[in-house]
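My entries follow in the order I made them.

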Amino acid sequence: MGTEKNNPFRYGIAVDDPYFIDREQELKDIPKWLKNGQSLVIYSPRRYGKTSLILKILNKLKDEGFKTIYIDFFKVTSRRRFTELYFNEIIKQLTSWEKALRKISLLTKRIRPVVTLDNQGLPNISVRYEDGSDDVDMTEVFDLPQKLAEKKQWIVVFDEFQDVEKLNGESFEKELRSALIHHTKVSYVFMGSKMHMLLNMFTHKNRAFYQFGKLLELKKIPKNQLIDFMEAGFNNSGIKYIVGVAGNIANICNDIPHYVQYLAAGAWEEALENNLILDQSALGRAVDKIITNQTDYFMQQLEELTAHQQRVLLAVSVENKNLFTASFAERFHLSPVSSVQRSLQKLLKKGILTKHERTYFFTDPFFKLWIERELS
Ligand SMILES: Nc1ncnc2c1ncn2[C@@H]1O[C@H](COP(=O)(O)OP(=O)(O)OP(=O)(O)O)[C@@H](O)[C@H]1O
Ligand SMILES: [Mg+2]
């Protein structure tokens, strides 16, 4: 029996085959919509697999000859930075950077790309503002994909788009939207994990992007598919697992794809140290290692909370429904209800909890485990 040495599980980066599973419907629908010029808003809680999915789709579309652009707004710290990243991505789409530069220079007047060659002769793109100031209308930059598009649609993805708020309030948002609304040859995808912020942008009448794209929620991967994937990974490495262990991993991780791969990777390593046997105690050791590695970080997160917020967090680890009732407040000594509300709001804002379909859950299931061990 051949034993594979490489861990069959991956986390911490966007994944593609053979680490990518499920999403069949999305892989069918999303490219179809985008090719038709339909813009989309894709949202889910953190670490469900948005970025992996869209990058896989962009690769496929690229193979079919579409021009694709991916911008992560987490990296966009200023208007200038946006422009640099945008120029960079656009230039990559065109056949040579010299040609690209010429084309773009014909289409921009005040904001222009400048290329300098690094010591290896590779082009480095920066931005020059012809009027000196970088506080200028950016329409000519936003319009580039539309003006450069030929027969085929361009596809532009803005990941973590809610972070657009970092750029001087809503004015960037408004400017962007007034340009994009005229783009017939570009389909846009807006994505993000701060669901409340993102959905506000697209569903509130007074916001610039009101009803701009089709809303699409990315769900978790079904438990049985996660289990099949894990069991195949163990089987291919010659690991003997006890019945139900993959299901346990999925349960501990609340079926969140990132955490499932994280713990499965740890369990795989433990099995290698355990004569290729994955039993409950090997799984227990994998969990312990993950928690131990993050103790300092968890501790720091907890210390930043008020005593009341800490108690609310502990209460949510026990019971995550009907949190705004007098009986909940009483049961966990958290009265009055309004104080529970305030603390929950803070925990959501900090990203420690996530709210979804009227329930609250720990964004990081290992933080939950740690809290349970620490505080109970
Ligand atoms: N389709 C998939 N099949 C298997 N595992 C997946 C899949 N999608 C995501 N994952 C797992 O989840 C991890 C996180 O994925 P990804 O970064 O795409 O999620 P995300 O929703 O963009 O996260 P974030 O909210 O942090 O931006 C991956 O590294 C991988 O371990
Ligand atoms: Mg992401």
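In which helix does His-308 lie? I find His-308 in helix 14, residues 307–318. I note that the model is predicted.

I checked the burial of His-308 next. Its relative accessibility is 18%, under the 20% cut-off, so His-308 counts as buried. I then listed what His-308 touches, leaving out residues up to four places away in sequence: Leu-334, Ser-339, Val-340 and Ser-343. With Ser-339 there is a side-chain polar contact of 3.1 Å.

I moved on to helix 16, residues 337–349. Its 13 residues should span 18 Å at 1.5 Å a residue, and I get 19 Å between the end C-alpha atoms, which agrees. As buried residues of helix 16 I list Ser-339, Val-340, Ser-343, Leu-344 and Leu-347. They fall within an arc of 135 degrees when I look down the axis, so they line one face of helix 16. Arg-342 and Lys-349 are exposed on the other side. I see the buried residues of helix 16 pack against helix 14, helix 15, strand 10 and strand 11. Just after helix 16, Gly-351 has a positive phi of about 80 degrees.

Last, I looked up the largest nonpolar core, which has 56 residues. Met-230, Leu-263, Leu-313 and Phe-366 touch the most other members. Helix 11 gives the most to this core, nine residues. Domain 2 (223–293) and domain 3 (295–375) each supply at least three residues to this core. For Leu-313, I noted contacts beyond four places in sequence, including Leu-302, Leu-347, Ile-352 and Phe-367. Another core, of 48 residues, lies apart, with Leu-85 and Val-141 among them.

Terms used
Residues are numbered from 1 along each chain as its sequence is written. Chains are lettered from A and ligands numbered from 1 in the order in which they are written. This is a predicted model: local features need pLDDT of at least 70, side-chain atom pairs count only at pLDDT 80 or more; totals for chains, interfaces and linings use all residues. Side-chain values use heavy atoms; hydrogens and water are left out. Helices (H or I, at least four residues) and strands (E, at least two) are DSSP runs, numbered from the N terminus. Buried means under 20% relative accessible area, exposed over 50%, partly exposed in between (1.4 Å probe, protein chains only). A polar contact is a pair of N or O atoms within 3.5 Å; within protein, one must be able to donate a hydrogen and the other to accept it, and residues adjacent in sequence count only if both atoms are side-chain atoms. Contact means heavy atoms within 4.5 Å. A nonpolar core is a set of buried Ala, Val, Leu, Ile, Met, Phe, Trp, Tyr and Cys residues joined through side-chain atoms within 4.5 Å. Domain bounds come from an automatic or database domain assignment. The expected span of a helix is 1.5 Å times one less than its number of residues. The arc is that of the directions from the helix axis to the C-beta atoms.
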